[in-house]
Amino acid sequence: VLLVGAGLLLRSFLKVLDVDLGFEPAHAAAINVDFDNSAPTRLGSLQKQTLVLHQVLDRVSAIPGIQAAGIVDYLPLGQNRSWGVPFPKGVMPPQGINTGPLVYVATPGYMRAMGTRIQGRDFTWDDTPKSTLVVMINKSYARFLANYTKWTDNSAVGEILNDGQQDFLVVGVVDDVHEEGTEGEAGWQIYYPVTQSFPNSAELVIRTSLPPATLATSVMTALRELNPKQSSAEFRPIQALVNHANSPRQFFMLLVASF
């Protein structure tokens with residue numbers, strides 16, 4: 001019984017390892033960025049935030065060996081939150097929806113750094129507070145919204161969502177990212193640009209063909225040139241987030257196999 005159970009657990013564990021996570025953890029790593037977001041007005045804060053984060057990415061992207069770089073406030077398989085249920089403009093949300101899509105605030109280049117595919121376009125630095133408000137949504141949320149509209153999930157790009165106060169143009173539909181675990185289906189997700197929304201934190205994600213540890217000194221130097229108070233931090237391989245999410249199942253499988 002133990003051998004059969006261990007075999008079944010091993011098979012299911014291998015299936016989990018083969019799941020499409022919606023991102024490519026190999027050759028990607030993250031480090032926390034400290035930045036001053038204080039300003040007298042909300043608009044001033046957004047402009048200052050955009051300038052600082054743009055400078056950070058320009059400096060980091062210029063480091064030899066870095067193929068792509070982007071910033072997001074929450075990484076997959078970690079913390080998250082929801083801001084309601086944005087729905088197609090002119091359509092009333094159905095009753096009984098208690099939680100909306102999980103929210104992420106990201107810079108241009110984040111999707112490329114994570115290896116997440118986009119249908120449509122990425123955010124740009126020209127998406128300012130004074131221009132059209134934009135978002136990207138994942139495929140699962142696009143499929144859900146398509147049930148209440150005339151557009152299909154494959155044509156969500158160019159559609160307008162409304163959160164009850166503002167309109168948002170959908171500029172991209174991205175792959176479903178597993179945000180809470182590697183098993184089961186991914187939930188709904190929506191991404192707002194840092195040029196138009198405030199992130200809760202800043203996680204710098206880089207994609208490189210080199211070992212991330214070899215770039216740590218160069219990246220930290222670039223960050224401290226812009227912010228001398230940048231705290232010391234180490235790169236966390238994105239693969240480590242995946243391994244941590246899989247660790248309970250792996251431990252149980254090894255325990256049964258040992259017995």
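Is leucine 2 buried, exposed or partly exposed? Leucine 2 is partly exposed, because its relative accessible area is 46%, which lies between the 20% and 50% cut-offs. The model is predicted. A search of the whole structure finds 9 salt bridges. The largest pocket has a volume of about 210 Å³, and the largest cavity holds about 60 Å³ of space.

**Surface patch**
- Leucine 2 sits in helix α1, which covers residues 2-17.
- Helix α6 (residues 238-258) supplies the largest share of the patch, with 3 residues.

**Cavity**
- The count is 1 cavity of 30 Å³ or more.
- Its lining includes Phe23, Tyr74, Pro76, Tyr104 and Val177.
- Tyr110, Met111 and Met114 are also among the lining residues.
- Helix α3 (residues 110-114) gives the most to this lining, with 3 residues.
- By class, the cavity lining has 9 nonpolar residues, 1 polar residue and no charged residues.

**Pocket**
- The lining of the largest pocket includes Leu46, Trp83, Pro86, Asp163, Gln165 and Tyr192.
- By class, this lining has 7 nonpolar, 4 polar and 1 charged residues.

**Salt bridge of arginine 81 and aspartate 73**
- The side chains of arginine 81 and aspartate 73 meet in a salt bridge, at 2.6 Å from N to O.
- Arginine 81 counts as buried, because its relative accessibility is 13%.
- Aspartate 73 is buried too, with a relative accessible area of 2%.

**Salt bridge of lysine 89 and aspartate 167**
- Lysine 89 forms a salt bridge with aspartate 167, and the closest N and O atoms are 2.8 Å apart.
- The pair links distant parts of the chain, 78 residues apart.
- Lysine 89 lies in the loop between β3 (87-88) and β4 (102-106), while aspartate 167 lies in strand β8 (residues 167-174).
- Lysine 89 counts as exposed at 52% relative accessibility, whereas aspartate 167 is partly exposed at 30%.

**Salt bridge of lysine 139 and aspartate 175**
- Lysine 139 forms a salt bridge with aspartate 175, with 3.2 Å between the closest N and O atoms.
- This pair also links distant parts of the chain: lysine 139 is in helix α4, and aspartate 175 is in the loop between β8 and β9 (189-193).
- Lysine 139 is partly exposed at 28% relative accessibility, but aspartate 175 is buried at 6%.
- Asp20, Arg117, Lys139 and Asp175 are linked in a network of salt bridges.

Notes
Residues are numbered from 1 along each chain as its sequence is written. This is a predicted model: local features need pLDDT of at least 70, side-chain atom pairs count only at pLDDT 80 or more; totals for chains, interfaces and linings use all residues. Side-chain values use heavy atoms; hydrogens and water are left out. On a 1 Å grid over the protein atoms alone, a cavity is a set of points where a 1.4 Å probe fits but cannot get out, and a pocket is an open set with protein on both sides within 12 Å along at least five of seven lines; lining residues have an atom within 4 Å of a point. Grid points are joined across faces, edges and corners, and a volume is the space filled by probe spheres set on the points. Helices (H or I, at least four residues) and strands (E, at least two) are DSSP runs, numbered from the N terminus. Ala, Val, Leu, Ile, Met, Phe, Trp, Tyr, Cys and Pro count as nonpolar, Asp, Glu, Lys and Arg as charged, and the others, Gly among them, as polar. Buried means under 20% relative accessible area, exposed over 50%, partly exposed in between (1.4 Å probe, protein chains only). A salt bridge is a side-chain nitrogen of Lys or Arg within 4 Å of a carboxyl oxygen of Asp or Glu.
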